[in-house]
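Hi,

Here is the structure I promised to pass on.

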Amino acid sequence: MSKIAVIGTGYVGLVTGTCFADLGNDVVCVDVIEEKVKKLNKGISPIYEPGLEEIIGRNLKAGRLRFTTDYEKALDGAKVVFIAVGTPESPDGSADMQYVQQAARSIGQYAPGKAEQPLIIVNKSTVPIGTGDLVGQLIRKECPAGFKLAVVSNPEFLREGQAVFDFLHPDRIVLGSEERWAGEEVAQLYEPLGAPVMVTDLRTAEMVKYASNALLATYISFINEIALICEKMGADVKEVVRGMGYDKRINAQFLQAGVGFGGSCFPKDVKALAHMAEKVSATPHILNSVLTVNQAARDMFTEKVVRMLGGSVKGKKIGVLGLSFKADTDDMRESPSIDIIRSLQEQGAEVQAFDPVAMEASRASLVGVTYCADPYEAADGADALLLITAWNEFKQLDLKRLRDAMRGSVFVDGRNIYDPIEMRDAGFTYAGVGRS
Ligand SMILES: NC(=O)c1ccc[n+]([C@@H]2O[C@H](COP(=O)([O-])OP(=O)(O)OC[C@H]3O[C@@H](n4cnc5c(N)ncnc54)[C@H](O)[C@@H]3O)[C@@H](O)[C@H]2O)c1
């Protein structure tokens, strides 16, 4: 059992702290938002993440998990401190490091006097290459003389919507440090998970995260480009991917054509990597194209809707199924639904939408949307219905009921979850992405 402090209780910090507590460690999570901390101490999760709230409750009850805004309390007796604060996009595309810097300064200010052994600072936030060194410097500037610490980079690869499962069943644990003993100590915390552990240097570990996200985003933009060609030339991208997937060298899992990627990671991480590359004169041709194709996927989807409604959406009622950037999360950050809905509204459409969990979260980024109680209400009187998020509950809808509720017949499937023949048989004027 180790005493662990986790800084930041967002998707990564909260899952990390909760799961480490569930593995038997003594964990204190710190956040600067008092309201969030109060809720968490009552066992209420501020985010929708399947299974998480139950584990929070179990560990609060067992006394292994606490939440606070007080750094001093959190750091008292801690052997390892995880930094898991946000690194959002800056206006110039680089990663905004203000939260990581604040966290580092606070660790320095509240680090207890002399510890028996150096305090291990583990950076889980996705940060530009070289940040590990900077974090060490910032902490050392603030902390008492003689205080010893070691910095480890431990990028996180969990997927929202499956975060608890991913944390407990990782494909790999990457640990980077200039001090091997510190990497090995952190590796012990992960030992119960039985995952392969890679211990490397700080900068390499930081780069593994960016390179991984950039490649996954590239798969999506690649298949969206193929989808566009398929659409123009009469091929079906879903079938194309099926054919490609038999090739052992190709992983078809991420080759899903649609409205493009969103969320709090891929867009900002690809931009941040491209920004870093530009700074060292390593022109990021592929990364720039990935971003261009991704924006085009959203724009082309909107244009398709307009085209299918006869060239104008002015005065048209449009139903939207799904708002979050992907299924099983309420995260609206960079969701394709935002660009698509705003563009349709700007062109004069009236939008009514349903999402199983993200309607509340979407209010911060969408205005003038009518929220509905279920998919059938979103279809009610609509000239067109758009599927933007592939929630499981949208996969078995009563197509006849949906069609009967509508005024028009246009259905645009931004995730290719429906069978075109079934949809046409149900009376829809159906279009997917990359299917003629
Ligand atoms: N969300 C994901 O799926 C995911 C996956 C892998 C990696 N990451 C990376 O992990 C990091 C965290 O992402 P997230 O989605 O959990 O972020 P988030 O925005 O959901 O949460 C960040 C939390 O940190 C808190 N915070 C900010 N400054 C603080 C400070 N000085 N002290 C204490 N708390 C502070 C915020 O109040 C917030 O609760 C990012 O770098 C992200 O790129 C995210």
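Let me start with the nonpolar patch, where helix 9 gives the most, with 3 residues. Keep in mind that this is a predicted model. The patch sits on the surface and is formed by Leu228, Ile229, Met233 and Met300, which together have about 370 Å² of accessible area. Met233 belongs to helix 9. Its relative accessible area is 67%, so Met233 counts as exposed, the cut-off for that being over 50%.

Two of those names come back in the second largest pocket, which has a volume of about 220 Å³. Its lining has 15 residues, and the closest to the pocket centre are Leu228, Glu231, Met300, Phe301 and Lys304. Helix 9 (202–233) and helix 12 (285–308) are the elements that give two or more residues to this lining. Helix 12 gives the most, with 6 residues.

Searching the whole structure turned up 1 cavity of 30 Å³ or more, and the volume of the largest cavity is about 40 Å³. Which residues line the largest cavity? They are Asn123, Ser125, Thr126, Val127, Ser153, Asn154, Pro155, Glu206 and Lys209. By class, that lining has 5 polar, 2 charged and 2 nonpolar residues.

That's it from my side; over to you.

Cheers

Definitions and conventions
Residues numbered from 1 in each chain as written. Predicted model: local features only at pLDDT ≥ 70, side-chain atom pairs only at ≥ 80, totals over all residues. Heavy atoms only, no water. 1 Å grid on protein atoms, 1.4 Å probe; cavity = no way out; pocket = protein on both sides within 12 Å on 5 of 7 lines; lining within 4 Å. Points joined across faces, edges and corners; volume = space filled by probe spheres on them. Nonpolar A, V, L, I, M, F, W, Y, C, P; charged D, E, K, R; others polar. Helix = DSSP H or I, 4+ residues; strand = E, 2+ residues; numbered from the N terminus. Patch = residues over 30% accessible without salt bridge, like charges linked within 9 Å, V, L, I, M, F, W, Y side chains within 5 Å. Areas by Shrake-Rupley, 256 points an atom, 1.4 Å probe, with all protein chains shown as cover. Salt bridge = Lys/Arg side-chain N within 4 Å of Asp/Glu carboxyl O. Buried < 20%, exposed > 50% of the residue type's maximum accessible area, 1.4 Å probe, protein only.
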